[in-house]
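Q: Could you walk me through this one, starting with the overall layout and then going into the details?

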Amino acid sequence: ESGVGGGMVAVANVGDDLFWTGHPLAQANLYTFGRLAWDPRRDPTAILDEWITLTFPPSATADAELVRRTLHEIMDDSWRTYERYTAPLGVGFMVNPGDHYGPNVDGYEYTRWGTYHFADRDGVGVDRSRASGTGFAGQYPPYWAQVYESPETCPDELLLFFHHVPYGHVLHSGSTVIQHIYDTHFTGVEEVTAMRRRWQRLTGMIDPSVYERVAERLDEQVRCATEWRDQINTYFFRKSGVPDERGRDIH
């Protein structure tokens, strides 16, 4: 529309793989970006429906409605699942240097690229407030600068990016920071395992090559999520000394 500013940018992971992005379901992200770039007012759920119909046409599936429902169950909240089992509360990179694949809590913590979590025995997070930190929060427009400036108003999902807080700090959700870390990482593994189980319902209903590639990718995601859970939870248990209130195994 005339007079409307702004724009969109994305990083695509297209390569020479048969499935472009290496994961048949990840191609939905590229498709959705293209559709939203054309019209950012579109409903992402409706765009996903478009992609499902084009990628898994009803004429080529044994049960089109089951395929559609299963894909929505797997994909609708998959980004939240990924956030749950990786770096918590917006803290930033906790990955292996170089390829950025797999968890490494201190991977970039002491490099020239900067400090990401400042975890010690008392707390975690980077103080980017204007009052006592780097001042980065003040670079946002006034409304958001004020929101991000205080731990009391900062959204939970960005808390550790903008503030260093004690492990016992109570989030807006009612959980403490340390218990949130434990809970989300256990939940993330459970959700990925459920994704794999749902995908198995489609055995024999779609192109076998697509089915097998997605099944392989979900097996790897379960392995990765488990590795993330164990490394993150163990790291913060040893740093904080605070046990999981639910008594689950943390090594």
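**Overall layout**

A: From the N terminus on, the elements of this chain run α-α-α-α-β-α-α-β-α-α, and please keep in mind throughout that this is a predicted model.

Q: What share of the residues is buried?
A: Of the 251 residues in the chain, 39% are buried. As for contacts, among those in the chain with a separation of 6 or more, 56% are between residues 24 or more positions apart.

Q: What does UniProt say about residues 21-248?
A: The UniProt record, an unreviewed entry, places there the feature "domain: Glycosyl hydrolase family 67 C-terminal". In the model, residues 21-248 are 49% helix and 2% strand, with 36 Å between the end C-alpha atoms.

Q: Let's turn to helix packing. What describes two packed helices?
A: Two packed helices are described by the angle between their axes and by the distance between those axes.

Q: Okay, at what angle do α1 and α2 cross?
A: Helix α1 (residues 27-38) and helix α2 (residues 44-55) cross at roughly 125 degrees, and their axes come within 10 Å. The crossing of α1 and α2 is right-handed.

Q: Which residues of α1 and α2 meet there?
A: On the α1 side they are Gln27, Ala28, Tyr31, Thr32, Arg35 and Leu36, and these meet Ile47, Leu48, Glu50, Trp51 and Leu54 in α2. Sorted by class, the residues of this contact of α1 with α2 divide into seven nonpolar, two polar and two charged.

Q: Tell me about Glu50, then: what does it touch?
A: Not counting residues up to four places away in sequence, Glu50 touches Tyr31, Arg35 and Arg42. Glu50 sits in helix α2 and is partly exposed, with a relative accessible area of 24%. The C-alpha atoms of Glu50 and Leu66, which are 16 residues apart along the chain, are separated by 16 Å.

Q: Where is Asp43?
A: Asp43 is in the loop between α1 and α2, and Asp43 is partly exposed, with a relative accessible area of 43%. Between the C-alpha atoms of Asp43 and Gly125, which are 82 residues apart along the chain, there is a separation of 34 Å.

Q: What about the loop between α2 and α3, is Thr61 there buried or exposed?
A: Thr61, which lies in the loop between α2 and α3, is buried, because its relative accessible area is 13% and buried means under 20%. Leaving aside its neighbours within four places in sequence, Thr61 is in contact with Phe56, Val67, Met205 and Ile206.

Q: Back to helix pairs: how do α3 and α7 pack?
A: Helix α3 (residues 64-75) and helix α7 (residues 177-199) pack at an angle of about 170 degrees, with their axes 9 Å apart. That angle makes α3 roughly antiparallel to α7. The crossing of α3 and α7 is left-handed, and the contact is made by Thr70, Leu71, Glu73 and Ile74 of α3 together with Met195, Arg198 and Trp199 of α7. By class, the contact of α3 with α7 has four nonpolar, one polar and two charged residues.

Q: And helix α5, which of its residues are buried?
A: In helix α5 (residues 142-149) the buried residues are Ala145, Val147, Tyr148 and Glu149, and what covers them includes α6 (159-162).

Q: Where is Leu89, and where is Phe118?
A: Leu89 lies in the loop between α4 (78-85) and β1 (123-124), and Phe118 lies in the loop between α4 and β1. Leu89 is buried, with a relative accessible area of 7%, whereas Phe118 is partly exposed, with a relative accessible area of 46%.

Methods. Residues are numbered from 1 along each chain as its sequence is written. This is a predicted model: local features need pLDDT of at least 70, side-chain atom pairs count only at pLDDT 80 or more; totals for chains, interfaces and linings use all residues. Side-chain values use heavy atoms; hydrogens and water are left out. Axes are lines fitted to C-alpha atoms, for helices over the stretch in contact, and angles run from 0 to 180 degrees between N-to-C directions. Helices (H or I, at least four residues) and strands (E, at least two) are DSSP runs, numbered from the N terminus. Angles under 35 degrees count as roughly parallel, over 145 as roughly antiparallel, 65 to 115 as roughly perpendicular and the rest as oblique. A crossing is left-handed if the near helix is turned anticlockwise from the far one by less than a right angle, and right-handed if clockwise. Contact means heavy atoms within 4.5 Å. Ala, Val, Leu, Ile, Met, Phe, Trp, Tyr, Cys and Pro count as nonpolar, Asp, Glu, Lys and Arg as charged, and the others, Gly among them, as polar. UniProt positions are given in the numbering used here, feature names are shortened, and annotations may be inferred rather than shown by experiment. Buried means under 20% relative accessible area, exposed over 50%, partly exposed in between (1.4 Å probe, protein chains only).
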